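User: Here is a model I would like to go through. Please set each label against the cut-off behind it.

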Amino acid sequence: MTSAPVPGRRERKKAATRQALADAALRMFLERGYDQVTVREIADAADVSTTTLMKHFPTKEALVFDREPEVDEALVSAVRDRPEGMSVLEALRAHIHVRATSGIRAEAEPLLRLVRETPALSEYWHKMWMGHEHTLSRVIAAETGAPEDDPRCAVLAHFALETASLADRSDDPPRVVDVAFDLLENGWQ
């Protein structure tokens, strides 16, 4: 069994700088509000230049959302690694349900509120979240034996992701997930 290579000092330093920037930004955004914090202040708090900050995060919004590869992997895994006999639709429902109702949601409530209340962050988050549509559509096609360009796979991916988005903005996320997936499964009655 081989283990993953240990990152070198340079990679560790880059990762530490990136984390310090993201942590400082989030702390300041939560304390003062997104629009009241400048990129310069975030760079100063992490003791780096604004140029260094921009190398790690090309936009101010990106400072809040730095886990996209993990999100992509989780969506793919939900479909690809589903239990034997579970349909793709059931797997997506379960994944979106867990995402909408987990304890992580309660832990992340201040961040979710910040995103909901800040139009620039809300728009950026939605664009990033929906950016997973192509990857999700491809894995759905692969898992169902459909052609990669099958519009049914694209539609399912789109609606599953939009369901999560609707749930995030809802006062009752589990209900939104259930209603949406019931509609996907059974159609409009």
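Analyst: The model is predicted. Its secondary structure comes to 11 helices and zero strands, and along the sequence the pattern reads α-α-α-α-α-α-α-α-α-α-α.

User: Why is α5 called roughly antiparallel to α11?

Analyst: The axes of helix α5 (residues 88–101) and helix α11 (residues 173–186) cross at roughly 165 degrees and come within 9 Å. Angles over 145 degrees count as roughly antiparallel, so α5 is roughly antiparallel to α11. The crossing of α5 and α11 is right-handed.

User: Which residues of α5 and α11 make the contact?

Analyst: From α5 they are L89, L92, R93, I96, H97, A100 and T101, and from α11 they are P173, P174, V177, D178, F181, D182, L184 and E185. The residues of this contact divide into nine nonpolar, two polar and four charged.

User: What makes a set of residues a nonpolar core, and which members of the largest one touch the most others?

Analyst: The members are buried nonpolar residues joined through side-chain atoms within 4.5 Å. The largest such core holds 46 residues, and F29, I42, L92, L136 and I140 touch the most other members. Helix α10 (residues 151–168) gives the most to this core, with seven residues.

User: Which residues does I140 touch?

Analyst: Leaving out residues up to four places away in sequence, I140 touches V79, V88, L92, C153, L156 and A157.

User: How many residues does the protein have, and what share of them is buried?

Analyst: Of the 189 residues in the protein, 35% are buried; the cut-off for that label is under 20% relative accessible area.

Note on methods: Residues are numbered from 1 along each chain as its sequence is written. This is a predicted model: local features need pLDDT of at least 70, side-chain atom pairs count only at pLDDT 80 or more; totals for chains, interfaces and linings use all residues. Side-chain values use heavy atoms; hydrogens and water are left out. Axes are lines fitted to C-alpha atoms, for helices over the stretch in contact, and angles run from 0 to 180 degrees between N-to-C directions. Helices (H or I, at least four residues) and strands (E, at least two) are DSSP runs, numbered from the N terminus. Angles under 35 degrees count as roughly parallel, over 145 as roughly antiparallel, 65 to 115 as roughly perpendicular and the rest as oblique. A crossing is left-handed if the near helix is turned anticlockwise from the far one by less than a right angle, and right-handed if clockwise. Contact means heavy atoms within 4.5 Å. Ala, Val, Leu, Ile, Met, Phe, Trp, Tyr, Cys and Pro count as nonpolar, Asp, Glu, Lys and Arg as charged, and the others, Gly among them, as polar. Buried means under 20% relative accessible area, exposed over 50%, partly exposed in between (1.4 Å probe, protein chains only).
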